[in-house]
Structure formats: C-alpha cells, structure tokens
Amino acid sequence: MKVLIFSLLIAVVACSEINPTCFTAGLTDGSCDWYKDCLQVAYDCPATGYNAYPLGYGYFYCSKFMTNISLYPPQAQEWIENTLVCLKVALKEPFYDKAALGDDISCATLTNEAFSSHPECYVQSGFCQLWTEQSLEDRVKTAWALHDTYDLSTFMNVRSVKQVVETLENCVENGVDRDLIDPIIHILEGDSE
C-alpha cells in the first residue's frame, strides 16, 4: 500500500512543476530557497502584500536571518537554524495538500496557517532561553541583531502583533520573568498602563 501511495505521489509530482526534493530535503535543510522554489511554485501567491507569505515573508525573513546570522551569538544562531526548519516543516501539510493533491488552499489560508505556526516554532526552538540563559552581553547582542534583521513595519498589523504577544506569553509560561515581558505586551496591545 505504501508503495502505491508513494508511486501516486511521484506521478503527481512528475506532472507538476514541483521539484520532488520539496517534499523531503527542502523542508529540513537550512536553505531559504524552499519558499520560492517550492511553496511559491505551488501557491503562486502575490510577491508583496498581506497574503504574500512565500516570498514576501517566508523567503524574505529566512534570507535576512541567514544573511545576518553572524550578528547573533552562538545560542541565538542555533535558535535561528532550528526555527527556520520548524517553520518550513509546519507548512509541510498545507504544501503537500496543494502541491500533490491539488487542494484549493488560498494564499490567505496559507498565510494564516504560517503565521499561526510562528509562536510555537519560536518557543520550541529556544527563543525564550535566549533571554534566560544567555549572558547580558549576548542578550543585548541578540536584541540588536533582531532589530537589524526585522523590518518593524511588518509588525504594524494585528496578525503580527498577535504572534509576538503569543510568543511572549509562551515565554512567561516557560520561565521568563513576567516583569520583563508585560511592558512589551502592553505596548504591542496599545495599552497605556
């Protein structure tokens, strides 16, 4: 039965523009090309805008993190590498459904699923420990590197703020002092307290 399913998958992939490595190595290696060569090919999302996840967010930020990785201390570099794999693996099912099965999954649905995976991937990959286990010098270095990597204008929408707040709340649950996190959450949520 497994052979039949695998054969069908290969036949479907052979008839499409999707490279078979998109289902395997492309998900688990450190390359950012999976977003443009696999996810974008399957979804054909706009290159920019609110629902442009494959190129406008996934590939864009993966590439920025990899370009800037030397700005980060070793523990933060490990977090980046683990997060980049986690984010791609989190999209394996919607990618497979679209690319191999031809399911009608919109760019908006893909983008929402992708953003929903971010907090879990960040925390699972060690984001919270960057603020509890690194030296003060490395925490400062990490904060500046994040500042240099992110385009803050991408955080000016509800979806992005929600993802940051959820990540920070998860960090509190994982031992980060709430007194460090609450002021950030209040600012992001627009509270003046």
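Author: Start with the word cavity: a set of grid points where a 1.4 Å probe fits but cannot get out. A residue lines a cavity if it has an atom within 4 Å of a point. Keep in mind that this model is predicted.

Reader: How many cavities of 30 Å³ or more are there?

Author: The count comes to one. About 130 Å³ of space lies in the largest cavity.

Reader: Which residues lie nearest the centre of the largest cavity?

Author: Tyr61, Phe65, Leu84, Leu87 and Tyr122 do, out of 15 lining residues. Helix α4 gives the most to this lining, with six residues. α5 (74-90) and α7 each supply at least two. By class, the lining has twelve nonpolar, three polar and no charged residues.

Reader: And what is a pocket?

Author: A pocket is an open set of points, with protein on both sides along at least five of seven lines. Here the largest pocket holds about 900 Å³ of space. It has 23 lining residues, and the closest to its centre are Phe127, Leu146, Val164, Leu168 and Ile184. Two or more lining residues come from each of α9 (136-149), α10 (158-173) and α11 (178-189). Its lining divides into 19 nonpolar, three polar and one charged.

Reader: How much space lies in the second largest pocket?

Author: About 200 Å³. Gly49, Tyr50, Gly56, Tyr57 and Thr154 are the closest to its centre, among 15 lining residues. The largest share of that lining, three residues, comes from α4.

Reader: How does that lining divide by class?

Author: Into six nonpolar, eight polar and one charged.

Definitions and conventions
Residues are numbered from 1 along each chain as its sequence is written. This is a predicted model: local features need pLDDT of at least 70, side-chain atom pairs count only at pLDDT 80 or more; totals for chains, interfaces and linings use all residues. Side-chain values use heavy atoms; hydrogens and water are left out. On a 1 Å grid over the protein atoms alone, a cavity is a set of points where a 1.4 Å probe fits but cannot get out, and a pocket is an open set with protein on both sides within 12 Å along at least five of seven lines; lining residues have an atom within 4 Å of a point. Grid points are joined across faces, edges and corners, and a volume is the space filled by probe spheres set on the points. Helices (H or I, at least four residues) and strands (E, at least two) are DSSP runs, numbered from the N terminus. Ala, Val, Leu, Ile, Met, Phe, Trp, Tyr, Cys and Pro count as nonpolar, Asp, Glu, Lys and Arg as charged, and the others, Gly among them, as polar.
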